[in-house]
Amino acid sequence: MNKTKEIFIIGFALFSMFFGAGNLILPPFLGVQYGESWNWVALGFFITAVVVPIIGIIAHARLQGTMFDFGKKVSPVFSTIYCLIVYTISITLPAPRTASVTHEMAIAPFLGTSSLLTSTLYFSLVFIFVMNRSKILNLIGKYLTPLIIIILSAVIFIGVSATPETINAATFKTPFISGILEGYQTFDAIGAIVIGGVLVVSMNFKKETSFVLKKEIIIKAGLLAGFGLLVIYAGLIYSGMNFSSTFNENASRTEVLSSLSTQTLGNIGNTFLSILVALACFTTGVGIVTGTSDYFKGLFNNSQKAYIITAIIGCVLGVLIGQFDVQYIITIALPALMFIYPITIVLILLNVLPEKLASPTIFRAVISVTFLFSIPDFLKFIINPENLTGIQSYIPFSEHSLGWVLPALLIFISMNVFKKFTTKYS
């Protein structure tokens, strides 16, 4: 296949795998909430929903292995535990959420059927695609993604060009921080190391492609997907801001997106939106279940039986959890995200750095500090936040759920300075 053509097909496939439930319902809601401050909330959202995930794909291009390789410099035991936690979170939260969003926005308004029926049919189709994983990149990249882009472009074009009478003022403080934390809910940093592994394994089926060429293709495809995400997110956030005064005060994320499509595309908007939601969510669900199945296949000596059993378990969990409403899944996801996201972000950043700046010792130290200082951030979603006020007062940015950032940065810089100093004078 022509290299340029392959880059575009894989880039579209990556975009589509990233662009799932959260990517659709979160950006317009941010635009509504923050109104005139949309640019600050968008900047924060871009960091955790675009920049970090694409850096994760670039890290995969360098490693060309599995997710296990992301954490093995800390220790094999750590990496195994980390992989198990990430894959467990992936198939119990973001994957089922794709079915839940599909039901609320694409099925229930038209058919009124039960969410259990939707999630059952939905994950039955996911299982069929997962069992034909060698065709995933071509099917998604060639056919499904272009449809998603066309429909989204229509919504965004009209939403951006409209000139409503008033624009809401921001209803919350710290829009930049809020954008960063809302970006967690896309699960895209986790998605990068899960889906990136799917991409590497799928490309390995092509024996004739060299390591260097695969690295180039993956990086360029990742940048292409990142550019697409950036444009779509900016358009959806701005459209939400542009129509902010037209939504009900307590409108949910799914209600905002549904109303936006209706206002921009008219009565046919709901039909377009239902197609968009079904496609975007489905491709993400396929990517997550495939990535999880790949991991356990490798864990059990390339066992196809392990792959099939994992896919079955993932789809059954998807059926059971996917029948709950979207807001419930978002709420129960918060503690898990506050626990695993800081570690994931740090692993991604360390894996794209040169070896001399990210030795195994530095990996261990930075990850340990990140974990330690992120504990208050996820504990406040489990226990009474007032019990943590004393601890958080001593940790910079902890009140914004980013208490791990400065300590991790300081330990990384200090250890590299110390290493350089000792090497120079030894």
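Me: How many residues does helix α1 have, and what does the helix reach from its first C-alpha to its last?
Reply: This is a predicted model, in which local features need pLDDT of at least 70, side-chain atom pairs count only at pLDDT 80 or more, and totals for chains, interfaces and linings use all residues. Residues are numbered from 1 along each chain as its sequence is written, and side-chain values use heavy atoms, with hydrogens and water left out. Helices (H or I, at least four residues) and strands (E, at least two) are DSSP runs numbered from the N terminus, and the expected span of a helix is 1.5 Å times one less than its number of residues. Helix α1, residues 3-18, is close to the 22 Å expected at 1.5 Å a residue: it has 16 residues and reaches 22 Å.

Me: Which residues of α1 are buried?
Reply: Buried means under 20% relative accessible area, exposed over 50%, and partly exposed in between (1.4 Å probe, protein chains only). I9 has its place in helix α1, and at 9% relative accessibility I9 counts as buried. The buried residues of α1 are E6, I7, I9, I10, G11, A13, L14, F15, S16, M17 and F18.

Me: What separates the C-alpha atoms of I9 and A221?
Reply: I9 sits in α1. Along the chain, I9 and A221 are 212 residues apart.

Me: How many helices and strands are in the protein chain, and what percentage of its contacts between residues at least 6 apart join residues at least 24 apart?
Reply: The protein chain has 18 helices and 0 strands. Contact means heavy atoms within 4.5 Å. Among contacts between residues at least 6 apart in sequence, the share that joins residues at least 24 apart is 83%.

Me: Is helix α5 roughly parallel or roughly antiparallel to α6?
Reply: Axes are lines fitted to C-alpha atoms, for helices over the stretch in contact, and angles run from 0 to 180 degrees between N-to-C directions. Angles under 35 degrees count as roughly parallel, over 145 as roughly antiparallel, 65 to 115 as roughly perpendicular and the rest as oblique. The axes of α5 (residues 76-92) and α6 (residues 94-111) come within 3 Å and cross at roughly 10 degrees. That crossing makes α5, relative to α6, roughly parallel.

Me: How do the residues of the contact of α5 with α6 divide?
Reply: From α5 the contact takes I89, S90, I91 and T92, and from α6 it takes P94, A95 and P96. Ala, Val, Leu, Ile, Met, Phe, Trp, Tyr, Cys and Pro count as nonpolar, Asp, Glu, Lys and Arg as charged, and the others, Gly among them, as polar. The residues of this contact divide into 5 nonpolar, 2 polar and no charged.

Me: Is F187 buried or exposed?
Reply: F187 lies in the loop between α9 and α10 (188-204). Its phi is near 65 degrees, a positive value in a residue other than glycine. Because its relative accessibility is 5%, F187 counts as buried.

Me: Does N301 count as buried or exposed?
Reply: N301 is found in the loop between α13 (269-299) and α14 (304-321). Phi of N301 is near 55 degrees, again a positive value in a residue other than glycine. Its relative accessibility is 72%, so N301 counts as exposed.

Me: Which residues does V352 contact beyond its neighbours within four places in sequence?
Reply: V352 lies in the loop between α15 and α16 (360-379). With a relative accessible area of 26%, V352 is partly exposed. Leaving aside those neighbours, V352 is in contact with I55, I58, A59 and R62.
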